[in-house]
Amino acid sequence: TAKYSSTARRFGFQLLIAEGNAIYRLAFRHTDGYTARAPCTFTCNWNWNDDLGKRQYDNIDFGSLPAFLDGELFDIVIECLDGYFKTSFNGVPIEGPASDRSSYGATLAQITSIQLWGGAPLDGDGNVGIY
């Protein structure tokens with residue numbers, strides 16, 4: 001659960017495996033500074049490419065952006081099912097590729113951590129805001 005701010009540009013999460021690569025990444029892109037398709041959701045998986053010295057993104061898909069409301073709390077739930085991930089926003093599957101995203105052979109047992117990015121402390125009470 002987090003509180004949304006209308007000043008958000010982008011934020012999201014990624015499921016990481018032991019090698020540090022992401023088997024599932026979901027970004028909520030609110031402005032067109034990152035893609036002409038914004039506002040949108042952006043899903044992919046990525047691996048570190050030593051030759052290029054950067055991430056190499058694969059299986060990229062774009063979908064619609066959920067209806068975030070300024071100052072309102074929201075919930076994101078990721079279900080790791082047999083062969084795919086299902087992501088919900090406030091209890092409703094996100095429209096587009098995030099609702100039934102292939103795991104491309106990855107399993108729940110391979111996930112070592114979840115990384116959230118784009119969030120920042122909102123107040124001194126430990127509430128988390130998304131900017």
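The following legends describe close-up views of a predicted model. Residues are numbered from 1 along each chain as its sequence is written, and side-chain values rest on heavy atoms, with hydrogens and water left out. Because the model is predicted, local features need pLDDT of at least 70 and side-chain atom pairs count only at pLDDT 80 or more, whereas totals for chains, interfaces and linings use all residues.

**View 1. Confidence along the chain.** The protein averages a pLDDT (the predictor's confidence in each residue, from 0 to 100) of 82, and 84% of the residues score at least 70. Among the strands (DSSP runs of E, at least two residues, numbered from the N terminus), confidence is highest in β9 (residues 92-93), at a mean of 92, and lowest in β12 (residues 119-121), at 51. Where pLDDT is low, the predicted coordinates should not be read in detail.

**View 2. The largest nonpolar core.** This core (buried Ala, Val, Leu, Ile, Met, Phe, Trp, Tyr and Cys residues joined through side-chain atoms within 4.5 Å) has 19 residues, of which Phe-11, Ile-23, Tyr-24, Leu-26, Phe-68 and Phe-74 touch the most other members. At least two residues of the core come from each of β1 (2-4), β2 (10-17), β3 (22-29) and β8 (84-89).

View 3. Ile-76 has Phe-89 as its bridge partner in β8. Two residues lie between the strands, and Gly-83 takes a positive phi near 95° in this hairpin.

View 4. Leaving aside residues up to four places away in sequence, Cys-44 touches Tyr-24, Arg-25, Tyr-57, Asp-58, Asn-59, Ile-60 and Arg-101 (contact being heavy atoms within 4.5 Å). Cys-44 and Asp-58, 14 residues apart in sequence, are 5.8 Å apart in space, C-alpha to C-alpha.

**View 5. Two salt bridges.** The structure holds two salt bridges (a side-chain nitrogen of Lys or Arg within 4 Å of a carboxyl oxygen of Asp or Glu). One joins the side chains of Arg-101 and Asp-61 at 2.7 Å, N to O; since Arg-101 lies in β10 (residues 101-102) and Asp-61 in β5 (residues 54-63), this pair ties together parts that are 40 residues apart in sequence. Arg-101 is buried at 2%, whereas Asp-61 is partly exposed at 30%. The side chains of Lys-86 and Asp-100 also meet in a salt bridge, at 3.1 Å, N to O.

Methods
Buried means under 20% relative accessible area, exposed over 50%, partly exposed in between (1.4 Å probe, protein chains only). Helices (H or I, at least four residues) and strands (E, at least two) are DSSP runs, numbered from the N terminus. Two strands pair if DSSP finds at least two bridges between them.
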